[in-house]
Amino acid sequence: MPAYLARRLFQSALILLGVSFITFFLLFVLPADPVRQIAGRSATPQTVENIRRELGLDQPFVVQYGRYLWGLVQGDMGRSYLQKTDVSTLIAARLPPTLLLMAAGIACELVLGLAMGMVAALRRGRATDNVLMMTSFVAVSAPQFVVSLILLYIFAVRLGWFPIGGYGTWHHLVLPAVTLGILGSGWYARMMRSSMVEVLRADFIRTARAKGLTRRAVIFRHALPNAILPIIAMIGIDIGIFMGGIVVVEGVFGWPGIGQLAWQAIQRVDIPIIMGVTLVSACAIVLGNLLADLITPFIDPRIRIR
Amino acid sequence: MTPTPDILRVDALSVSVRTETGLHPLVSDLSFRFAPGETLAIAGESGSGKSITSLAIMGLLPPPAVRVTSGAVILDGRELTSLPEDQMRAIRGDRIAMIFQEPMTSLNPVLTIGRQLTEAIRAHQPISRAQARAMALDALTAVRLSQPERRLGQYPHELSGGMRQRVMIAMALALKPQVLIADEPTTALDVTVQREVLDLLRDLQRDTGMAIILITHDMGVVAEMADRVIVMRAGRVVEQGDVRQIFAAPTAQYTRDLLAAVPRMRDRAATGSENASFEITEQNQIHDIRFTREHPIARLENVVVRFPLRSGLLNRTTHNVHAVEGVSLTINPGETFALVGESGCGKSTIAKALVGLVPHQGLIEVDGQKLGSLDATGRKSLTRSVQIIFQDPMAALDPRMTVGGLIAEPLVIHAIPGDHKARVADLLSRVGLQPDHADRYPHEFSGGQRQRICIARALALNPKLLIADESVSALDVSVQARVLALLGDLKTEFGIATLFISHDMAVVDTIADRVAVMFLGQIVETGNRAQVFGNPQHPYTRRLIAAVPVPDPTRTRPETVRLAGEIPSPVHPAGQAPDRVIMREVSDGHLVAQD
C-alpha cells in the first residue's frame with residue numbers, strides 16, 4: 001500500500017509537470033500580449049519595454065518556464081500582473097467557496113443521478129423508466145446558463161425563496177449547487193441505469209433471491225455496491241468536466257470562487273493567475289482520481305492492494 | 001417400496017414467455033411427483049426447458065415476460081405458483097433451496113463468504129449474528145471445506161471453483177431444506193472436482209433425507225445420481241421413468257439418440273475376444289504412426305512458458321506463473337494428438353505458444369521450421385499451416401460479418417488467388433452446411449452450426465495442423481457427436497493432424513490416436529490411446545479416468561480415494577522453478593512421470 005501510494009503520487013507529480021508545461025507554452029505562443037494589458041493603450045513603447053523587462057517577459061521561453069518552475073518548487077506561484085498580489089493569496093481566498101460549491105454540486109448530482117438511474121433500472125421498460133431517461137437526456141443536453149437562468153427566474157425572481165446571487169449563507173448555495181447537480185445528474189443517471197441493469201442480471205442476484213432475501217436486501221446489499229463500482233471511477237474523471245461547469249455557474253450566480261478569478265484573468269491575459277488556477281484545477285482532478293482509486297478497494301475486495 | 005407421501009408435486013405445469021408475436025410456450029404440461037430422499041433428474045439439451053422448470057418451482061421466473069400460464073406446484077400440500085411474494089420468499093431458501101451452474105459468478109464478489117451465509121440463515125430464522133455464524137460454520141464443515149473458520153472472512157475470489165460450489169451447497173443446505181434444486185451443479189467444474197461435489201451431494205442427502213431435483217445435460221451424472229429421470233425436449237416431457245429402465249430400455253427415439261450420442265470411455269475390462277480385436281486395431285495405429293515418425297508436423301522440445309507477476313514500487317517481476325514447464329511432444333501427420341488435463345494445467349497455453357500468441361522458451365518446430373527464428377513473412381506463412389478452432393463459436397465469429405466473409409477472410413489476408421466464392425461454397429458443403437448459407441450472419445445459426453463455420457474457416461487455408469481448443473465442450477452431446485464425426489472425416493479425407501485439447505476424458509477416448517496428460521504445466525503421462533486409457537500408470541491419470549461419470553446406472557462405482565486439498569499453485573517466486581518430472585518408458589512410446 002505505501003509503495004502503491006508513493007507510485008501514484010509520483011505519477012501525479014509528473015502529470016502536474018506536464019500540465020504546467022503545456023499551459024505555459026500555450027500562453028507563451030498566444031498572440032495576446034499581457035504587457036499591453038498592463039500598460040494600457042496610451043503607453044509609450046519605452047514604458048512597454050520597461051514593463052516587459054521588469055516582468056521578465058523579454059526572456060526566451062526556457063528561461064521564463066524555468067523561473068516559474070523554480071518559484072513553484074519554493075511555493076511561490078508568482079504575482080498577479082494587474083492585481084499586484086501574490087497568486088497564492090488570491091487563490092487561497094477564492095478556493096474555499098469553490099470547494100464548497102463543488103462538494104455541494106457533486107453531492108447533488110450523485111444523489112439525483114444515482115437515484116434516478118436506480119429507479120429506472122428497477123422499472124426497466126416501463127413508463128417510469130422512459131420518463132426518467134427522457135429527463136436525464138434533457139439534463140445532459142441543456143446548456144448550463146439556460147438551466148441556471150430558469151432556476152433563477154422560478155426560485156429567486158418569482159418565488160423569492162433564494163437570493164439571486166452572492167455568497168454567505170446556505171441560502172446562497174442552493175441554486176448554484178442544484179444547477180450543477182441537475183447538469184451532472186443526467187449523465188450519472190444513464191450510467192447508473194446501465195450498470196444496475198447489468199448487475200440485476202448477474203447470477204449472484206439470482207442466488208440472493210433464491211436465498212429468500214427481501215427485495216430491499218437484494219437491491220441495497222447485493223446490487224447497489226456492485227453497480228456503483230464503475231461509477232466511482234467516473235466521479236474522478238468527472239471532476240474535470242465539473243470544473244468547466246463551475247466557471248459558468250460562478251459567473252451567473254456571482255459566486256466568488258476561482259472560476260470567476262480564472263475568467264477575469266483570461267480576459268486580461270494575467271498569466272500567473274491563469275497558471276495558478278490551471279494547476280490548482282489539475283491538482284483537484286488528479287487528487288479526485290486518486291481518491292476514487294483509493295475508495296474502490298474498500299468496496300471491491302478483488303482489487304484490494306496488497 | 002412402501003408409498004411415501006410426496007414432498008413435491010408438479011401438476012400440468014406450463015410456462016410461457018410473452019413476445020411481440022404472442023405467448024410462446026417454454027414448458028408445456030409438465031407433471032411429476034417425488035418423495036423425500038429421492039433424486040429426480042431432469043435431463044435434456046439446451047432449450048429443453050429444464051432450467052425454466054426449476055425457476056418456476058422457485059418462483060424466480062424473470063418477470064414480467066415469463067410466467068406460469070397453467071398448472072400447479074405443490075410443496076407438502078401447499079400450492080406455490082399462486083402464493084404471494086412475501087410468503088413465497090419465506091419458502092425460498094428455507095424449504096426449497098437451489099444451487100446453480102456457475103460457482104464463479106453465483107456468489108456476490110463484494111461480500112464475505114460468512115456474510116453471505118449468515119444473511120441466508122437470518123432471512124429465515126430470528127437469531128443473532130453470533131448464532132447464525134455458528135450455524136454457517138457448521139454448514140461449511142458439513143460440506144467438507146478445509147479451514148471453515150478462515151473461509152468465513154474470505155471473499156469469493158479467494159476460493160477456487162470447487163470451493164465456491166461447496167460454499168453454495170453449504171448456503172443452500174444450512175437451513176435443512178426439504179427440496180434441493182441443483183441446476184447443472186458440476187458442469188463448470190473439472191472432472192475430479194465434479195466427482196467430489198457429486199459424492200458430497202449424495203452423502204448429504206443420505207444424512208438429511210432431502211429430495212434432490214438434479215438438472216443436467218450429462219447422462220453420466222444422471223446415471224450416477226438419479227433414482228428417476230425425466231427426459232425433456234423443447235419444453236415437453238419425452239420420457240419419464242426409473243433410471244435403470246431409461247438407460248436399459250429407452251422407449252422414445254429421442255432418448256435413444258441422446259444416449260447414443262454420449263461419449264463413453266471404452267470398457268477395457270470387457271471380454272477377451274473383444275479386447276483382442278481391439279488390441280489389433282491399436283497395434284495397427286502404432287504401426288501407422290511409426291511409419292510417419294520421420295517428419296512430424298509439430299515438434300515441441302523442452303518448451304517453457306512463464307508469465308511474470310509484477311509488484312512493488314519499481315514494478316519488478318517478483319513471481320512467475322509457470323504455465324508450461326518443459327513440455328516435449330511431437331505431432332505426426334494425420335494423427336489426432338490429445339492434450340488432457342484440468343483447468344490451469346497449461347494445455348491452452350501450449351496451443352497459444354504453437355501459433356506464436358505467447359512468447360516461449362525452448363524449441364517449437366512447425367512443419368520443419370523453427371518458431372521464433374521467423375521474420376514477419378515467415379510467421380504469416382506459418383499461420384497458414386496451423387489453424388485454431390476455439391471453444392466458444394459465438395465469440396469467435398464477428399457478428400457483423402457474413403458467414404461467407406468470415407470464411408473467405410483468411411484467403412484475403414493471405415492473398416490467395418482464385419475464386420473465393422467457389423472455395424467458400426466448397427468449404428461450407430464440406431462441413432455439412434449449405435453453400436447459400438454464405439450470405440447469412442452468425443446469429444442465424446445454432447451453436448453446432450457456428451462451430452462448423454469456425455471449422456470451415458480454419459480449413460480455408462488447407463492447414464497441416466488443426467488445433468481444437470475445447471472445441472466441442474460448449475456443445476450439446478448430440479451436436480458434439482456430429483462435430484466430432486466431422487473432425488474424424490476431415491482427418492481421413494485430408495490427412496490433417498489435429499491437436500485436440502480437452503478436459504473431457506470420454507471425448508478424448510473416442511477420437512484421439514495419442515494422448516498426453518498434463519498436470520501443473522508438465523506432461524505426466526503420454527502414449528497412444530490404448531496405453532494411456534487401458535493401462536494408466538500415473539496416479540493423476542488414474543484419478544482423471546476414475547472421476548469420469550459413467551452413463552450406466554447398474555455399474556457400481558469403486559470407492560475413489562478422496563484427494564485432500566487443492567491442486568498446488570503454479571506460481572513461484574522469481575528465480576525459482578518447479579521440479580521437473582522425469583519420464584520413464586513403461587512400454588514402447590508409453591512414458592510416465594516418475595514419482
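Q: How confident is the predictor in chain A of this predicted model?
A: The mean pLDDT of chain A is 86, and 99% of its residues reach 70 or more. That score runs from 0 to 100.

Q: Where in chain A is confidence lowest, and where is it highest?
A: Helix α2 (residues 34-39) of chain A has the lowest confidence, with a mean of 79. The highest is in helix α9 (residues 203-210) of chain A, at 92.

Q: Why are α8(A) and α10(A) called roughly antiparallel?
A: Helix α8 (residues 170-200) of chain A packs against helix α10 (residues 215-253) of chain A at an angle of about 155°. Angles over 145 degrees count as roughly antiparallel, and α8(A) and α10(A) are therefore described that way. Their axes are 8 Å apart, and the crossing is right-handed.

Q: What kinds of residues make the contact of α8(A) with α10(A)?
A: The contact of α8(A) with α10(A) divides into 23 nonpolar residues, four polar and one charged.

Q: What makes β2 and β5 of chain B edge strands?
A: The open sheet of four strands in chain B has the order β2-β1-β4-β5, with antiparallel pairing. β2 (22-34) and β5 (78-79) of chain B each have a single partner strand, so one side of each has no neighbour in the sheet.

Q: How do you know that β1(B) and β2(B) pair?
A: Pairing needs at least two bridges. Strand β1 (residues 8-19) of chain B is joined to β2(B) by nine bridges, and the two run antiparallel. In one of these pairings, Thr19(B) has Gly22(B) in β2(B) as its bridge partner.

Q: Which helix packs on this sheet, and at what angle to β2(B)?
A: Helix α1 (residues 50-58) of chain B touches β1, β2 and β4 (66-75) of chain B, and its direction makes about 75° with that of β2(B).

Q: Why do β16 and β22 of chain B stand at the edges?
A: An open sheet of eight strands in chain B is ordered β16-β17-β18-β13-β19-β20-β23-β22, with mixed pairing. β16 (386-389) and β22 (583-587) of chain B each have a single partner strand, so one side of each is left without a neighbour in the sheet. From one strand to the next, the twist averages 20°.

Q: What makes β20(B) and β23(B) a pair?
A: The requirement is at least two bridges. Strand β20 (residues 522-528) and strand β23 (residues 590-593) of chain B pair over two bridges, in the antiparallel sense. Thr526(B) stands opposite Leu591(B) in β23(B).

Q: Which strands does helix α20 of chain B lie across?
A: Helix α20 (residues 539-547) of chain B lies across β19 (514-519) and β20 of chain B, running at about 105° to β19(B).

Technical notes
Residues are numbered from 1 along each chain as its sequence is written. Chains are lettered from A and ligands numbered from 1 in the order in which they are written. This is a predicted model: local features need pLDDT of at least 70, side-chain atom pairs count only at pLDDT 80 or more; totals for chains, interfaces and linings use all residues. Side-chain values use heavy atoms; hydrogens and water are left out. Axes are lines fitted to C-alpha atoms, for helices over the stretch in contact, and angles run from 0 to 180 degrees between N-to-C directions. Contact means heavy atoms within 4.5 Å. Angles under 35 degrees count as roughly parallel, over 145 as roughly antiparallel, 65 to 115 as roughly perpendicular and the rest as oblique. A crossing is left-handed if the near helix is turned anticlockwise from the far one by less than a right angle, and right-handed if clockwise. Ala, Val, Leu, Ile, Met, Phe, Trp, Tyr, Cys and Pro count as nonpolar, Asp, Glu, Lys and Arg as charged, and the others, Gly among them, as polar.
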